[in-house]
Amino acid sequence: MTELKISQGFIAGENEKRADAHRADYAALGEKLARSNIDIDAITAKVADFFVAVPSWGVGTGGTRFARFPGPGEPRHIFDKLEDCSVINELTRATPTVSLHIPWDKADPKELKTKGDALGLGFDAMNSNTFSDTSDQAHSYKFGSLSHVDAATRRQAVDHNIECIEIGRAIGSKALTVWIGDGSNFPGQANFTRQFERYLAAMGDIYKALPDDWRLFTEHKMYEPAFYSTVVQDWGTNYLIAQTLGEKAFCLVDLGHHAPNTNIEMIVARLIQFGKLGGFHFNDSKYGDDDLDAGSVEPYRLFLVFNELVDAEDRGARGFHPAHMIDQSHNVTDPIESLISSANEIRRAYAQALLVDRATLQGYQNDNDALMASETLKRAYRTDVEPILAEARRRHGGAIDPVATYRASGYRAKVAAERPATKGGSGGIV
Ligand SMILES: [Mn+2]
C-alpha cells in the first residue's frame, strides 16, 4: 500500500473541475495532428513513459554564494525530502525516482529503501561529494580531492565514492555520478597534466569498484569553485575520461555547465555518435551555472537537445539509454512547484521533438533548403502540446493542472506546521 501525501480522491476531484475543457483541448489537438498523420494517443503513450529523476537536494530551498532564504516547511532530513519528492511524482507521474547525494542524505540504507518503497519511489544515480569537507574527515578538500597532490587525500576521496556505490547497491541504484570542484585559482598553481593524471588514476580505482550492471557518469563544468582552471572543465575532457576508464563510463551533460552560447545540442549529438552520452542534469541558465528551472529561459534550446535525443531513439543509436535527472537550485519559489514545472517542461520538449517530421526534415537537409529545414523544427516546437502532457498525467493518476492541484491541497502549509523553520544552511549548488 503506497503512502500517499495527497489522496488520489483529491486529485480526481481537482481533475473533474477541469475535465470538460481538457477533453475538448485534447480532441482539438488530436484532430490537428491527425491531419499530419500523427496519432495523438501514440505520442501521449510515449510521453507518459518518459521519466526524469528529481534531486533530493532540489526540494530544499537553494541559495547563492551570498545568502540563502529558507521557505516554510523545509525538509529536515532525507525522509522529509523523500516525502516532498513523492508529492511531485503523485501529481506529475513523471518523477518516480530520486537521486541521492552523500553525505547530505546519509542514512541507514534499509530505512531509505523502506521509505522509498512506501512512497512508491525508486533511487536513481548516487552523487558523491568531495567538493566540501565534513567535520569528521581526516584530509581537507580545500586544494582538491581526486586530483589532490597528496595520495592520502585522493585515497579518502576514492573511498568516499566507493561508499556511495555501496549505499547505492543497498537501495537499488545503478549509477554513480562524480562531479569534482578540483582546479586552480592562479596560473602556475597546478600542473595541468600531472593533475589530470592523478584524477584519472583515482577514477580508475573507483571504476574498479563499480558493479558490472552499473554505469559511471562524470560531469564536466566549465568553472567554479575553481576560477582559473578546472580539471573536468569541458565535454572534450569528459569524453577522454569516459574513453580512458572503459565501457561502463559515460559523460553526463549538465545543461548549465557550459559557456553562454555553447551549442549544447551538438555536444549531445557528438556524445551519442560515439556511444558516450550517459545522461543529463536538466536545468536552465542565462549567465553561467545559474541552476534555473528547466525550460524557464531557453525552452527552444531544451527542445533542440530533445530533437537530438529523439533522432537517436528513432535510428536506434548504439548504447543509447541516457539517464534523465533534474539538477536545479530553487531560490525564490516553492521547490516542489519548481520541480513540478520543470518535469513538465522536460516532457514538453520531448513531446515537441516527437512531432518533428523527420523524413521531411531530411529531405530539406538533402536539398540544402535551410529555411524550410528550420521551419520544420519550428512547426513542431510551436505546437501547444499541453493537452498531451495533461492527458499523460491524468491517465496515470496525476493531475491535469499539477501546480494548481498542489496549491489547493494545502501540502506546504501542512508540512510547515510539522517542520520547524530553518535558518541559512548550504546552497546545494552542484
Ligand atoms: Mn549537475
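Me: Which residues of helix α7 (residues 235-245) are buried?
Reply: W235, N238, Y239, I241 and A242 are. A buried residue has 20 or more other C-beta atoms within 10 Å of its own, an exposed one has 12 or fewer, and partly exposed lies in between; C-beta atoms are placed from the backbone. This is a predicted model: local features need pLDDT of at least 70, side-chain atom pairs count only at pLDDT 80 or more, and totals for chains, interfaces and linings use all residues. Residues are numbered from 1 along each chain as its sequence is written.

Me: What covers the buried residues of α7?
Reply: The cover includes α6 (192-208), β7 (215-219), β9 (249-254) and α8 (264-273). Just past the end of α7, G246 has a positive phi of about 135 degrees.

Me: How do you know that the buried residues of α4 line one face of the helix?
Reply: The buried residues are L112, G116 and L119. Down the axis of α4 they fall within an arc of 70 degrees, so they line one face. K110 and E111 are exposed on the other side of α4.

Me: What do the buried residues of α4 pack against?
Reply: They pack against α3, β3 (122-123) and α5 (151-171). G120 follows α4 and has a positive phi, near 75 degrees.

Me: Why is α3 called roughly parallel to α4?
Reply: Helix α3 (residues 78-92) and helix α4 (residues 109-119) pack at about 20 degrees, with axes 10 Å apart. That makes α3 roughly parallel to α4. The classes are roughly parallel under 35 degrees, roughly antiparallel over 145, roughly perpendicular from 65 to 115, and oblique for the rest. Axes are lines fitted to C-alpha atoms, for helices over the stretch in contact, and angles run from 0 to 180 degrees between N-to-C directions.

Me: Which hand does the crossing of α3 past α4 have?
Reply: The crossing is right-handed.

Me: What makes the contact of α3 with α4?
Reply: I78, F79, L82, E83 and S86 of α3 meet L112, K115, G116 and L119 of α4. A contact needs C-beta atoms, placed from the backbone, within 7 Å. The residues split into five nonpolar, two polar and two charged. Ala, Val, Leu, Ile, Met, Phe, Trp, Tyr, Cys and Pro count as nonpolar, Asp, Glu, Lys and Arg as charged, and the others, Gly among them, as polar.

Me: What does α3 bring to its meeting with α10?
Reply: D84, V87, I88, L91 and T92 in α3 meet I336, L339, I340, A343 and N344 in α10. The contact divides into seven nonpolar, two polar and one charged residue.

Me: Why does W57 count as buried?
Reply: W57 has 24 C-beta neighbours inside 10 Å, so it counts as buried. W57 sits in the loop between β1 (54-55) and α3. Its C-alpha atom is 8.9 Å from that of I78, 21 residues apart along the chain.

Me: Why does N261 count as exposed?
Reply: N261 has 6 C-beta neighbours inside 10 Å, so it counts as exposed. N261 is in the loop between β9 and α8. Its phi is positive, near 75 degrees, in a residue other than glycine.

Me: Which residues does the cis peptide bond with omega of about 15 degrees join?
Reply: That bond joins I102 and P103. P103 is in the loop between β2 (97-99) and α4.

How values were computed. Helix = DSSP H or I, 4+ residues; strand = E, 2+ residues; numbered from the N terminus. Left-handed = near helix turned anticlockwise from the far one by under 90°. Contact = placed C-beta atoms within 7 Å. Arc of directions from axis to C-beta.
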